[in-house]
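This report describes one protein chain for a reader who is new to structural analysis. Please keep the sequence and the structure in view while reading.

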Amino acid sequence: MKRKIVSLVACFSILLSTAYAALWPDWALQAEDWALQAEDWALQAEDWAKQNGLDEFFLTHPTQAITRGQTALILYQAAGSPIVSDEIPFTDIPEQYEDAVTWVAAQGLVRGVGNERYAPNRWVTRQEFATILYRGAGLPAPYEYTLSEFADDGDVAAWARDAMRWCVGTGLIQGKSGGLLAPQASILISEAVLILQRADDNASLDDIDQPFVVSSLDEMKEQLLDAMTAAEQPPDFDVRMLQDANNLEIDVRNLYYAILSEQPALKYAYDLQIVKTGDMILRCTFSYMPYRTGAYPSGFSGIAVSDLPALIQVATAHIGLGEDTPIRITDPALTVDDMNNALQQVGGSYVLCQLNRDGTAITYKPLDEFTYTDSLSRLQQIEALANSIVQNQTDSAMTAYEKAETLYIYLTENVKYDHRYYSEPQNMPYDSQTAYGAFENHLSICSGYAQALQILFEKAGIPCYTVSGSMGGEYHMWNIAYLNGAWKYFDATSDRGRADYWFNCFNVSAEQLTRYVWDRRFITLLTSQTVG
């Protein structure tokens, strides 16, 4: 039988009466574990979903920004999904949120945005979430705590100021790296769960400031992991119980590196500072990429980047300027590795494109022994050569498939493989690794074939990316392109010289590439955000 959960309104009333915290249903502690301990997600999510009826989405997407509709749903389900008899108060509520939004609105936790609309797909900010908590507590009198310690306290909206002062003052909401509060940043599922968990812990501001006593490095690693997952700062550590503290700073830094190795998605925590603040007290401070926390410096402006294809487009458009391109990544769920992998689609092996250290800009660096000017010159030559080939080999009457077939035949018939890669690599020119070697010298290795096909297809209006991996245990590069309504694979290197017999690797599915290994998850993500 399903366990009954006390109503949220009653919980918020307790919040008010205790002046700094609340009792929250027991599931909050479990939810924190589910959201923050990745190794336990699957089993715990399944078990909890059966017992409490919470949507599994909340358990499997801890880094997802939460929407107004989802916020209503998680509060409603946490209250035991009570029967709703009131009329739906808004006109834009999808069916899956009808009961939830109707119920939380009736409790006075949420309001509409005007014109009988609720905007269920709009992200919830940190100050909006604070306001929900504040309303649930009965709108207590303004809290004595001020927000002056935060550099961006002026960013808190007037309507949210009392709520944010109360939530920060009671310890429910903490600041982020750089002394920022980030009130207008989207709040993530894991952050929301942590805030609710603090209410359950009955922790005041003074309690939060107390050092966390650790008896093992594993305990410290768990605290660091929790903080990194929520993009917050860990507590100070009291390390007197550790047996060997001689190399403690090195040990803690190694814990940080181990976490990044085990969970690369946390690389938005791009630096860790370790300082001894007293006798056997250790303070660890993470530096977080602003795209993950929303805490961009005051006055920062950058080109908005919403997904991986947009990142590629921005890098391509600005590569010729010779300076870093400031960007503002708007999706906090994007990972650093995925973004850097996407940037490898740009630069043609002459310019290395990467995120800068804190993820606020795209950087450009010439490769091999080229100067930046020489690298740009090569890219311009590739552009001109590709334009000439497409113009001479195709015409506007051709279908996309006919253009793809014609350009593929041209490439596989006119470009030879540079076998010096195996026999005398020291004598193989760098250009053989690029589309320039394929177009100008008609000689290249797999990377040159793949980059050449990519630019030819793109100029013919066919979306195309390069794919890096291995074939038969050896490094290899080939392509994926969107043709006739589907993403299919192309390997011009393997099909060179086969035009008369037709090809083995033209417009084939992933299942047909039996000897190939590559990061299918990343390619699926990249292509799904492009077309199709």
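Is V84 buried, partly exposed or exposed? At 22% relative accessibility, V84 counts as partly exposed, given that buried means under 20% relative accessible area, exposed means over 50% and partly exposed lies in between (1.4 Å probe, protein chains only).

The model is predicted, and for that reason local features need pLDDT of at least 70 and side-chain atom pairs count only at pLDDT 80 or more, whereas totals for chains, interfaces and linings use all residues. Residues are numbered from 1 along each chain as its sequence is written, and side-chain values use heavy atoms, with hydrogens and water left out.

**The chain as a whole**

The chain has 21 helices and 15 strands; helices (H or I, at least four residues) and strands (E, at least two) are DSSP runs, numbered from the N terminus. Of the 532 residues in the chain, 51% are buried. The accessible surface comes to about 24,200 Å², and 48% of this area belongs to carbon and sulfur atoms; such areas come from the Shrake-Rupley method with a 1.4 Å probe, and for residues only the protein chains shown count as cover. A contact means heavy atoms within 4.5 Å. Among contacts between residues at least 6 apart in sequence, 64% join residues at least 24 apart.

**V84 and helix α6**

V84 lies in the loop between α5 (68–78) and α6. Leaving aside residues up to four places away in sequence, V84 touches Y76, D99, T102 and W103. The C-alpha atoms of V84 and E98 are separated by 9.3 Å, and these residues are 14 apart along the chain. In α6, the buried residues are A100, V101, T102, W103, V104 and A105. After α6 comes G108, whose phi is positive, near 80 degrees.

Most residues other than glycine have a negative phi, and most peptide bonds are trans.

**Packing around helix α21**

Two packed helices are described by the angle between their axes and the distance between the axes. Here axes are lines fitted to C-alpha atoms, for helices over the stretch in contact, and angles run from 0 to 180 degrees between N-to-C directions. Helix α14 (residues 308–318) packs against helix α21 (residues 520–528) at an angle of about 75 degrees, with the axes 7 Å apart. The two helices are therefore roughly perpendicular to each other; angles under 35 degrees count as roughly parallel, over 145 as roughly antiparallel, 65 to 115 as roughly perpendicular and the rest as oblique. L308, P309 and I312 of α14 make the contact with F522, L525 and L526 of α21.

Helix α15 (residues 336–343) also packs against α21, at an angle of about 70 degrees and with the axes 11 Å apart. This angle makes α15 roughly perpendicular to α21. In this pair, D338, N341 and A342 of α15 meet R521, F522 and L525 of α21.

In the segment after α21 is Q529, which counts as partly exposed at 22% relative accessibility. Beyond residues up to four places away in sequence, Q529 touches D307, L308, P309 and L334. Q529 and D307 are 222 residues apart in sequence, yet 7.0 Å apart in space, C-alpha to C-alpha.

**Aromatic rings**

How many aromatic pairs does the structure hold? It holds 27 aromatic pairs. Rings of Phe, Tyr and Trp (its six-membered ring) pair if their centres lie within 6.5 Å; planes under 30 degrees apart count as stacked, over 60 as edge-to-face and the rest as tilted. F286 and Y288 form a tilted pair, 5.8 Å centre to centre and with 45 degrees between the planes. Both F286 and Y288 are buried. The rings of Y296 and F300 have centres 5.0 Å apart and planes at 15 degrees, so this pair is stacked.

Y296 counts as buried at 11% relative accessibility. The charged end of R328 sits over the ring of Y296, 4.2 Å from its centre; a charge sits over a ring if NZ of Lys or CZ of Arg is within 6 Å of the ring centre and within 35 degrees of the ring normal. R378 lies over the face of Y436, at 4.0 Å from the ring centre. One aromatic cluster is formed by Y401, Y408, F457, F490, W502, F503 and F506.
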